[in-house]
Amino acid sequence: MFKEGFLWGGATAANQYEGGYLEGGRGLATSDTKTNGSLTRPRKHSFLDEDNNIVYLRGSEKVPSSYKAVLDETMYYPSHQAVDFYHHYKEDIALMAEMGFNCFRMSISWTRIFPKGDETEPNEEGLKFYDNVFDECLAHGIQPVVTLNHFDMPLHLSEEYDGWYNRKLIDFFLHYCETVFTRYKGKVNYWMTFNEINLLRGYDTLGVHDMNEEKYYQAVHHIFIASAKTVQLGHKIDPENKVGMMLAHILTYPETCNPDDVEMEMMVARRLKYLFSDVQCRGYYPSYVLKEWERKQICVNQEEDDAKTLLDGKVDYIGFSYYNSGVITTRKDAKSALGNGIKTATNPYLKESAWKWPIDPKGLRISLNLLWDRYQIPMMIVENGLGAEDHVESDGSIHDDYRIDYLRDHIIQMKKAVEEDGVDLIGYTPWGCIDLVSAGTGEMKKRYGFVYVDMDDEGNGAKNRLKKDSFYWYKKVIACNGNDIENL
Ligand code: P53
C-alpha cells in the first residue's frame, strides 16, 4: 500500500513550460539562447564570434570566452513562449486538480526573480507571479514541489562571471533562495535544489566558457556548496521545509558477468550518478573521486569550512528522475555513446520508445532499491514517463493507451518496492503532465502529458488544452491512492 498522504502529481520546468520570457521584468537565461532542434539539429546556443558572425554551439561544446550570447531573429527559441503556462496557469492548475493532484512539481525561473542574477533587490512582478501560481495551487488542495534551479541560469552571470566556475555564484544563488524561501514561507514546503545535478554539463547549465575537466569539477564543487548552504538556509527560514536533491537516476547494467564489464559498470555508475548522491546524502566527497583528482592532478579549490558545509547540508530526501536503463560494456567493437569513451550496448530484453529510449519498468524497482540500500532517506520519483507522438481524433479525443501502459507498468513496480521491499517512497510526479517542450530535442511532438497542448515544433497553434485518455486513467489511479493499479 502507498502511504496515506502519498504525493500524486506531475512535473514541469520553467524553461520548457512557462514562456513569457520577457514579461513581468524577467531577464534572459542561458536556456533562452537555445534553438529548436529541428532548425539546428541537435539543439544549439547562438553566439556572436569576434567578427560579429552568428555561430551555433551545442551546450556541451567549449564556448570561447570571446563569444557573446545573442538571439538570432531567424530562429525559433522554444523557451520564449514554451506552452505559455505564464498565461494559462489557472486553466492548467484546474486541470491538475480535476485529475486529483495533491502536489505539482514546477521550477522557479531564477531570472524572473533576479533578472541579471547579481542584483540586491528582487523583481516584485516576478515574485508576484509565483504567489499567484502557489495561491491557485493551494486553493485547489495542491502542494507545490519546487525546483529552485532547472536547467537555466541568468545569462548575465554566465557572461560576466563565467557561470558556476566563479565562487561568487554561490552567494548570488543563496540570495535568490533566501528571497523565495522567505516570500513563500507557509506556501511551499517541498524544495529541490538543482535539477539532475549529475547531468549539468558545459555552457547550458553551468554557464562556463573554455570548459575543461578541472573547471567542470570546480563548478560542480561550487554547486555542491550552494546546495548544502541552501539546505541549511531552508531549514533556518522554516523548520517545516524539506529540501531535497534531484538526481537523474541513470540505471546501468553490465553487459555480461565478465568482471571487466561489472567493474566498468561500477565506475560508470559512480561517474554518472553516485558521486552526486554520495556528496549530497552523506555530506562528504567519496574516496574514489578524491583518488581520481589525485591521479589526474585535478586541483579543486576548496575553502576551509567547505567540508563542514557539506556535512551540515545533507539533503532531506532524494528526488530522482527515471526513464530507462542502459547497458555498459567493455567489448572492443561496441560504440562509445555517453562521452568519455564509455561504451554502451543494446539491451535485447527491452523494447524501445519511438525516441529509442529503452522501456524498463523493473528498472524503477531496482533504482528505488539501489538508492534506498545506499542512503536510507525518503525518496520521491519526480520524473518518469513516455515521450510519444499523439494523434488528435476528429472529435478531439486522444487515445494514448501506450502511455497508460508505460505508466501502469512503472507504478506496479513502485508498489512492489514499497510493499515488498519497504522503501520509503513519498511521492510520484510523472514528467510533463501538461505537454511541454522537450529538453533534449526542443520538439513539441515528443509529448509526455495527460493533457495535450495544441502546438507544433515551430510554435504554431492555439495552445488549447485537450484531455487525453491517460487523463481519465490517472484520475482513477490517484482516486485509489495507486492501490488498485493492477486493475486499471
Ligand atoms: P526530454 C536526458 C536524459 C535523462 C533525462 O527529457 C533528461 C535528459 C535531457 O534531455 O532530462 C530530464 O525532454 C529533465 C527534463 C526533461 C526530461 O528529462 O529530452 O529533467 O527537463 O524534459 C525528458 O524527452
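**Reading cavities, cores and sheets**

Modeller: The largest cavity holds about 50 Å³ of space. This is a predicted model: local features need pLDDT of at least 70, side-chain atom pairs count only at pLDDT 80 or more, and totals for chains, interfaces and linings use all residues. Residues are numbered from 1 along each chain as its sequence is written, and side-chain values use heavy atoms, with hydrogens and water left out.

Biologist: How many cavities of 30 Å³ or more are there?

Modeller: Rolling a probe the size of a water molecule over the atoms shows where empty space is left. On a 1 Å grid over the protein atoms alone, a cavity is a set of points where a 1.4 Å probe fits but cannot get out. A pocket is an open set with protein on both sides within 12 Å along at least five of seven lines. Points join across faces, edges and corners, and a volume is the space filled by probe spheres set on the points. Here the count is 4 cavities of 30 Å³ or more.

Biologist: Which residues line the largest cavity?

Modeller: Lining residues have an atom within 4 Å of a point. Among them are Tyr-323, Trp-355, Trp-357, Gly-385 and Lys-446. The lining divides into 8 nonpolar, 3 polar and 1 charged. Ala, Val, Leu, Ile, Met, Phe, Trp, Tyr, Cys and Pro count as nonpolar; Asp, Glu, Lys and Arg as charged; the others, Gly among them, as polar.

Biologist: What is the volume of the second largest pocket?

Modeller: About 220 Å³. Of its 15 lining residues, Lys-351, Glu-352, Ile-359, Leu-386 and Tyr-406 are the closest to its centre. Helix α13 (residues 401-419) gives the most to this lining, with 4 residues. Helices (H or I, at least four residues) and strands (E, at least two) are DSSP runs, numbered from the N terminus. The second largest pocket has a lining of 9 nonpolar, 2 polar and 4 charged residues.

Biologist: Is Phe-101 buried or exposed?

Modeller: Buried means under 20% relative accessible area, exposed over 50%, partly exposed in between (1.4 Å probe, protein chains only). Phe-101 has 3% relative accessibility, so Phe-101 is buried. It sits in the loop between α2 (85-99) and β5 (103-107). Contact means heavy atoms within 4.5 Å. Not counting residues up to four places away in sequence, Phe-101 touches residues including Trp-8, Met-96, Cys-433 and Tyr-474. By contrast, Lys-308, in helix α11 (residues 306-312), counts as exposed at 53%.

Biologist: Which residues have the most contacts inside the largest nonpolar core?

Modeller: In soluble globular proteins, nonpolar side chains tend to be buried together. A nonpolar core is a set of buried Ala, Val, Leu, Ile, Met, Phe, Trp, Tyr and Cys residues joined through side-chain atoms within 4.5 Å. The largest core has 125 residues, and Trp-164 and Met-414 have the most contacts inside it. Helix α8 (residues 213-237) gives the largest share of this core, 12 residues. A second, separate core of 10 residues includes Leu-7 and Tyr-190.

Biologist: In what order do the strands of the 4-strand open sheet run?

Modeller: Strands of a sheet pair through backbone hydrogen bonds, either parallel or antiparallel. Two strands pair if DSSP finds at least two bridges between them. Here the order is β9-β11-β13-β12, with mixed pairing. β9 (251-254) and β12 (335-336) each have a single partner strand, so one side of each lacks a neighbour in the sheet. β12 pairs with β13 (residues 343-345) in the antiparallel sense over 2 bridges. Ser-336 stands opposite Lys-343 in β13.
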